[in-house]
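Let's take a friendly walk through one protein structure. Have a look at the sequence and the model below, then read on.

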Amino acid sequence: MIYLTGGATADKSAGQRFRALLNAPGILQLPGAHNGQAALQAKDAGFDALYLSGAAMTASMGLPDLGIITIDQVTFFIRQIVNATGLPLLVDGDTGYGEVLNVMNMVRTFEDAGAAAVHLEDQILPKKCGHLNNKKLATPHDMAMKVGAARKAARDLVVIARTDAAASEGIDGAVARAKLYIEAGADAIFPEALTTADMFREFARRMPGVKLLANMTEFGRTPFFTASEFADMGYSMIIWPVSSLRVANKAQEDLYTTLRRDGSTEAMLPHMQTREALYRTLRYHEYEALDQSIVETVLPKVGEPA
């Protein structure tokens, strides 16, 4: 896909394409992509849709995930990922950036920027990562009003309601909230921070016919399960929200440590993406071909240093 030629334009909207993937057999796998480059790499690995995590966004900006970024800042990330890949994108909408009218504004802004789906959570500000302690919840009624507002504002955008209630209200409270959110217009439910396979199975058993999203984040409360294991538990979607950022950050940390120690990056060359690989990921030659005034870049042959 070449953004400058309008290659991202499709006969169906992003929301319609996401919904078709969600309704297809199997579990929809949504790796987190914290910027356009990561999104392209995920696409090249064969993924059909992506996830944009609020935690990954804020961390990439050097900020904690406490609901302090703005709609416009998120929109910047949405546009770069959608323009780079053309893939349907699920976006973390946090608490909706305010109350009912703010939620509607978020939905319209995100959908106009190219988002295919959004999830909205039932915390109140200052919100926290779902795997941390002492989260404060909105009332079920207030959250249901937000879900209904999101549904009213959306054209084709898929609306997913996240509940963080399991930690404080147990499975009974989380299920009761989820049923209310479905009645309010949610297309799917995201039960956050479940801690055992039995909890995942029980939640799915008590939400028959409802599309469910599982969060497989590292270093959290949820044990490691594979995509197929979540599918067997009754889940329709899985996200790996911050994985790409964690790997990139660790690599950068190693780079800066090495550079400070050695005064050179040579020891890190085996861990670096080559120039050739970068240009291939960016579709560099396809962009060059659009402008005949640019002299074609000659890349090293395979096996030569780049």
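This is a predicted model: local features need pLDDT of at least 70, side-chain atom pairs count only at pLDDT 80 or more; totals for chains, interfaces and linings use all residues.

Residues are numbered from 1 along each chain as its sequence is written, and side-chain values use heavy atoms, leaving out hydrogens and water.

**The sheet**

Eight strands form an open sheet in the order 1-8-7-6-5-4-3-2, paired in parallel. Strands here are DSSP runs (E, at least two residues), numbered from the N terminus, and two of them pair if DSSP finds at least two bridges between them. Strand 1 (28-31) and strand 2 (50-52) are at the edges with a single partner strand each, so one side of each has no neighbour in the sheet. Strand 2 pairs with strand 3 (residues 89-92) over three bridges, in the parallel sense. There, L52 stands opposite V91 in strand 3.

**The two domains**

The bounds below come from an automatic or database domain assignment.

| Domain | Residues |
|---|---|
| domain 1 | 14-242 |
| domain 2 | 250-294 |

The C-alpha centres of domain 1 and domain 2 are 32 Å apart. Their contact (heavy atoms within 4.5 Å) takes four residues from domain 1 and five residues from domain 2. How many salt bridges does the rule find across the interface of domain 1 and domain 2? The rule finds one, where a salt bridge is a side-chain nitrogen of Lys or Arg within 4 Å of a carboxyl oxygen of Asp or Glu. The side chains of R283 and D44 meet in a salt bridge, at 2.7 Å from N to O.

How values were computed. Helices (H or I, at least four residues) and strands (E, at least two) are DSSP runs, numbered from the N terminus.
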